[in-house]
Amino acid sequence: MTKAALAAFFISTSALALDRAAVQKLASDDNDEKIAAIAALVASGDPQAAEVLRQAAEGEVELDGKKVEIVVNNRVRGRIAEALSVLKLLSSEKSERLAAAKALAGGADSAMLPLILKAKEKETDAEIKALLEITAAGMQLKSEDKAVRLAAIRMLGSSNHKSLLLEAAADPDEDIRLEAQKSLGAVEARLVWGEWLGLAFAGASLGSILLLAALGLAITYGLMGVINMAHGELIMIGAYTTYVVQGWFRNTSYFDFYLLAAIPAAFLVAALVGMALERSVIRWLYGRPLETLLATWGISLVLIQAVRTVFGAQNVQVENPSFMSGGIQVLSNVVLPWNRVFILAFAVAVLIGMWALLSKTRLGLYIRGVTQNRSMAACVGVPTARVDTWAFGLGSGIAGLAGCALSQIGNVGPDLGQGYIVDSFLVVVFGGVGQLAGTVYAALVLGFANKLLESWSGAVLAKIALLVFIIIFIQRRPQGLFALKGRAVEA
Amino acid sequence: MSSPMRLAVGGFAIVAFLLVPILNLMMPPGHPLHLSAFWVTLAGKIMCYAIVALALDLVWGYAGILSLGHGLFFALGGYGMGMYLMRQIGREGQYQSELPDFMVFLDWKELPWQWWGSEHFLWALLLIVLVPGILAFVFGYFAFRSRVKGVYFSIITQALTFAAMLLFFRNATGFGGNNGFTDFKRILGFSVTAPETRMALFAITAFFLLSTFLFSRWLVSSKFGRVLAAIRDAEPRAMFCGYNTVHYKVAIFTLSAVLCGIAGALYVPQVGIINPSEMSPANSIEIAIWVAVGGRGTLAGAILGAGLVNGAKSFFTVAFPEYWLFALGAIFIAVTLFLPRGVLGVLQRR
């Protein structure tokens, strides 16, 4: 407050100390003259110039103690805004300088160039300096002097600004054109790595999501042979559990840690629902896959409608914990979002956990025994019915974990699971039924293939192409990528 | 033909070809016996569904192949008819252009190649039969040749209809994107909203349902039908007996797809809209439950099931819209757990 009041007082008495002629010109009728005046005010580097310009933008300046009205059109207003940004470059606050440099990144009037160059020389912060260098080079590109232009093009060759160079590469002057093409080549060579890295990460990220969605199915369908069309709805239940847990933490100071509670909760809730389904419905349909398919589809409809009745048909909001927002900048044009990185790691963790459970524990041994030879397992005393329930619970729980992960990157709504059911079945079938490794490879292959296709044909066509590919693939190799060898007529 | 069946067929013919037209056209509106257009359309719609159920029953109930992509063939037939109906609108659309409205909206200057010949009714009829038929033939041939069966087949047919739905959702595919086709004005020069046209469509649908039923009865009791049943019950044995099961399966799958296409073509002018959501996997799986409710492996059961489930749907979605999915889900579960032979199975046991 006091500062502003002081400034106002200061200006009203000493506006004359400024370049009087320039202030007077601001009030002229000619827009070109006004703009020249703005440039002159900026060039003076006077600290009070900012205040005068701010007043001018509002339509009035004080001159010789009396108010002078100034008509400002959009063009003049744009120039004033630029001029204010340029003046801010001289501020002592680093954040203010950075904001100003960013505001100017799109280029500015050529009259501002000297001051920007001056600010660049004085700048100590590397980030701001780099921004200013590019801005200045972009402006110098339009200069009259050919040497200046060539220098600017060389400068831009070490940046990532393709659009400016593309413009220069179409220049009528041959020297400029050649130099621009050379710089452009350098920029593209550098960007291409980033593009590939970004694509690879997007593929791995999609692969990890597909893997999470399909891992549970790899147990219930791959190992147990149960077609569970309600698998997607178990994913949805996991996501809604995350939403509910998040609600409990909402007004506490531990909000960032809600996932620690949500992950086991999502697993447990989905596992319990799955076990209840196994006990009540699926148990009676073993060995009748088509009937199982229809019954579990019915279950999925009931679950969708139940969630819709309880939570409403609209999507619910699940917020990321603060450490999962933002991303890591790996290369100049690649940012890896934290939530995707976490999900990738989470998928790997779930995979390792599942592998350990299946191969290192007694329950895993039982599950493998029962799926390989049920009657033999029963003969040696394995409680097959109970193992079925536990195995189904495990598969459902992993679906719940997938839901918890998906809630961090997408919308959570009653239809969430429907979008994943076709995909996850295809992953399991593509990888080969009864094969955990196959599921992993299939998820990654499909993830990468999808992103690769997407980059040149668009998302929908990529998806269609992939579906058609899998349909054809299954006809060629009905056993999937990794088939168990057998000699039976009926697989 | 057993006498109750003869009675049912005769009764259906009398109701569909005499009673309904009289009650709808002759009785003045407001008369207590008048049958409103709503009921005629609803009955026509359900009869289309019954044809689809019959078609699925042929492949599922008799050959043991559960296709979860029959909604695709239905929709393709519908789109074939829809294209013709769009062209019949002529210059009466919103933009008064020769082109269908959505093309004007997308700023297209001429009809894309898919629309070639769409102004001819005969070409539309050809498309209705050929597009689902050829697709089913090619898809079925490759699938059955590599012995894709059971749940695998169900899953890839589901993927097929899902892929097609995504394709038809695109504006660039040339079939109106997610809005599909609607606002039809005329069919063969007759207004689609006129009571007489509605009644004619209703009667044609009824006739077609009846002939499909009679044809299917003949088919399943022929030698061809017996081989199908043998394939359903023990495919390796049928193969070892020297039957090329691929040919039988492809034939019945293609026939079934063509029937679905025709049902779709009859459905569109009566309902007045066709869009890609008809291809959603959920729609196709619902067809399976019509058959399962009525009793798969019995033709009358398929028709009965389509009528019961869709009747219940029409009732529920008006009376308690939020409970319909509960009811449908419960039907799915109850039928598979407690009525493996469907409603007809229960009736026959008595």
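Colleague: Leaving aside neighbours within four places in sequence, which residues is A:Val387 in contact with?

Modeller: A:Val387 touches A:Tyr366, A:Ile367, A:Val370 and A:Val382. Two residues are in contact if their C-beta atoms, placed from the backbone, lie within 7 Å. Before we go on, this is a predicted model, in which local features need pLDDT of at least 70, side-chain atom pairs count only at pLDDT 80 or more, and totals for chains, interfaces and linings use all residues. Residues are numbered from 1 along each chain as its sequence is written, while chains are lettered from A and ligands numbered from 1 in the order in which they are written.

Colleague: Why is A:Val387 called buried?

Modeller: A residue is buried if 20 or more other C-beta atoms lie within 10 Å of its own, exposed if 12 or fewer, and partly exposed in between, again with C-beta atoms placed from the backbone. A:Val387 has 22 such atoms within 10 Å, so A:Val387 is buried. Across chain A, buried residues make up 43% of the 491 residues.

Colleague: Where does A:Val387 sit, and how far is A:Tyr366 from it?

Modeller: A:Val387 belongs to helix H18 (residues 384-406) of chain A. Helices (H or I, at least four residues) and strands (E, at least two) are DSSP runs, numbered from the N terminus. A:Tyr366 is 21 residues away in sequence and 6.8 Å away in space, C-alpha to C-alpha.

Colleague: What makes up the contact between the chains?

Modeller: Chain A brings 35 residues and chain B brings 37 residues. On the side of chain A that touches chain B, H14(A) gives the most, with 14 residues. That side divides into 27 nonpolar, 4 polar and 4 charged residues. Here Ala, Val, Leu, Ile, Met, Phe, Trp, Tyr, Cys and Pro count as nonpolar, Asp, Glu, Lys and Arg as charged, and the others, Gly among them, as polar.

Colleague: Which residues touch the most other members of the largest nonpolar core?

Modeller: They are B:Val52, B:Ala53, B:Leu54, B:Ala159 and B:Ala288, in a core of 194 residues. A nonpolar core is a set of buried Ala, Val, Leu, Ile, Met, Phe, Trp, Tyr and Cys residues joined through C-beta atoms within 7 Å. Helix H2 (residues 37-62) of chain B gives the most to this core, with 17 residues.

Colleague: How confident is the predictor in chain B?

Modeller: Chain B averages a pLDDT of 90, and 99% of the residues score at least 70; pLDDT is the predictor's confidence in each residue, from 0 to 100. The model scores ipTM 0.86 and pTM 0.78.
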